[in-house]
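Colleague: Before I rely on the terms used for this model, I would like to go through them one at a time. Could you set each value beside its definition?

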Amino acid sequence: MKKRIKIVTVCSMGLGTSILAQISIEKIVKGTDYQVVIETADVGSATGYAGDIFITTKELIKAFTPPMGTRLVLVSNFFDVEEMRRELLPVLEELS
Amino acid sequence: METVSNALEFFVFQVLAQAPVFMGLVAIVGLLLQKKTAREVIEGFLRTLIGMYAFSAGAGLIFNIIAPINEMLKPTMSTVGTYALGEPAFAVAMEHVAQTAVLSFMLGWIIHILLVRIFRKTFKAIFLTLHHMLFDAALVNLFLVFVMKFSGLGLIITAAILCSLYWTISPTIMYHFSKKFNGDNFTLAHKEMIGVTIASLIAPYIGDPIKEDADKLNLPGWLSMFQDVNLTMAITMPIFFVIMGIIVVRTANPAALEVLNSTIGGQNWVVWLILAGIQMAAGIAILIFGLRVFVAALLPAFKGISEKLIPGAIPALDCPVFYSLSPMGTVLGFIGSSVAGILSAIFLLLIKAPLFVYPTLVIAFFDGGVIGVFANKLGGWKAALIGSFIGGLLFHLGVLWINPFTGPLATSGFQFSGSDPAIFWSAVFTAFKWVGGLFGAG
């Protein structure tokens, strides 16, 4: 059994697009043996979240700093499952 | 039989009547539909309860601030201030129409799915911005309950039909414009159909989207700070409150000064107002935190169902997905709508309007930003500025039109935001009231 990884998806309010990112991630890990827990956050409080991987967009990263010791995955579009897969899977593999 | 009806009565009045519990049970439905494990369902239920109680606490915090400030404004300028922002407006609505609003939201979404499924040739997009659907349902419920005196099943069904028509038609119109630059990827589900439509229609006459593309301009990077709702609030609210404070102190109405003195209790009024503005930001942060778990529990279920029932439908999503298509269009849209908001506020003060609308820079960022993206993609940077300026005028000044339709929300200091509540729903409610008048209702 692989290690449980906590992913935090970050958007402006933590209400809309970060939840779409959550859905994309669930699609990606479905059928693999990665164990992930996903939480959504807004840029204002994201720094205070605990997690192994922080996922956000290239624009939003200008507005917050991920906490020390976490991995950052940047995508240009939360809704693009293929891009998310390409960026996220190597990091997941490394941490698991 | 009696024990059964007693148990049912207990369940309905003691358990379901508590809005947080009710929302928690709705979240359970969403999680079960996603085939989550028992542990995840219980976790989701409890987290929704925590979130909804946090939501009320955040609402309490901001009302403790906005109430005394409005008490001071009333005798000073015979006006009350209102701030157009969905989250606190929804919190007010939830104190009055929680159950019926959530039920009409769910029924409305089912009707929406059926409409798209049946009329696939006409309606192509599925509305997936769940928190705005909750806000729409709450707004329509307030109108039907407090203006039209609807109740019970008739209320839920009428609200569900009105909302489902909007959720079906609005993203299809947005798709008509967005397909020109975004194809079939996704389209917009946001309360800005009117603003985006106007900007998209005039944009081609203003400029050339290729030659005058905003994304070829170099704009300062610090503007991205406004991505953070809490920071935007914390920067702008103290400024607006201090300006209001100066007006109150200068006018020196005795009743207003008494409210001011008893509220600040010996503290310096400027310091108090600055910190009050920052506490508003804190309150909004708590509101958003509270809503998040509920939305996260339902949205994946909604998306899963629509994909299963209507494969190939175009997802209509919240405005931030558009920002990456044109980051500079977003920034220009923010600027255009902010200027419109500030000019609207000055205009309302000068004509001594009975309702003062604070410039909502949060909405200028979200709604103005998405108008900027559409307008830039269809007419370049000048179109982004002009389109978002027009949108900004609509969603600030239009608050005066929607406000009387919203019952207790009208005097709460908050109102739903965006040009669709301000213009579209105001028009629908006006027509509804007129038709109702013909039949002797309302």
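Colleague: How many salt bridges are there between chain A and chain B, and what makes a pair a salt bridge?

Modeller: The count between the two chains is three, where a salt bridge is a side-chain nitrogen of Lys or Arg within 4 Å of a carboxyl oxygen of Asp or Glu. This is a predicted model, in which local features need pLDDT of at least 70 and side-chain atom pairs count only at pLDDT 80 or more, whereas totals for chains, interfaces and linings use all residues. Residues are numbered from 1 along each chain as its sequence is written, chains are lettered from A and ligands numbered from 1 in the order in which they are written, and side-chain values use heavy atoms, with hydrogens and water left out.

Colleague: Why is the pair R292(B) and D42(A) called a salt bridge?

Modeller: The closest N and O atoms of R292(B) and D42(A) are 2.8 Å apart, and the definition asks for a distance within 4 Å, so the pair qualifies.

Colleague: What makes K36(B) and E26(A) a pair that joins two chains?

Modeller: Their closest N and O atoms are 3.3 Å apart, and they form a salt bridge. K36(B) lies in the loop between helix 2 (19-33) and helix 3 (38-77) of chain B, while E26(A) lies in helix 1 of chain A, so the pair joins two chains; helices here are DSSP runs of H or I with at least four residues, numbered from the N terminus.

Colleague: Why is K36(B) called partly exposed?

Modeller: Buried means under 20% relative accessible area and exposed over 50%, with partly exposed in between (1.4 Å probe, protein chains only). K36(B) has 24% relative accessibility and therefore counts as partly exposed, and E26(A), with a relative accessible area of 24%, is partly exposed too.

Colleague: Which parts does the salt bridge between K191(B) and D367(B) tie together?

Modeller: The closest N and O atoms of K191(B) and D367(B) are 2.8 Å apart. K191(B) lies in the loop between strand 3 and helix 7 (193-206) of chain B and D367(B) in helix 13 (residues 361-397) of chain B, so the pair ties together parts that are 176 residues apart in sequence. K191(B) and D367(B) are both buried.

Colleague: How many residues of each chain are in contact?

Modeller: Contact means heavy atoms within 4.5 Å, and by that rule 27 residues of chain A are in contact with 32 residues of chain B.
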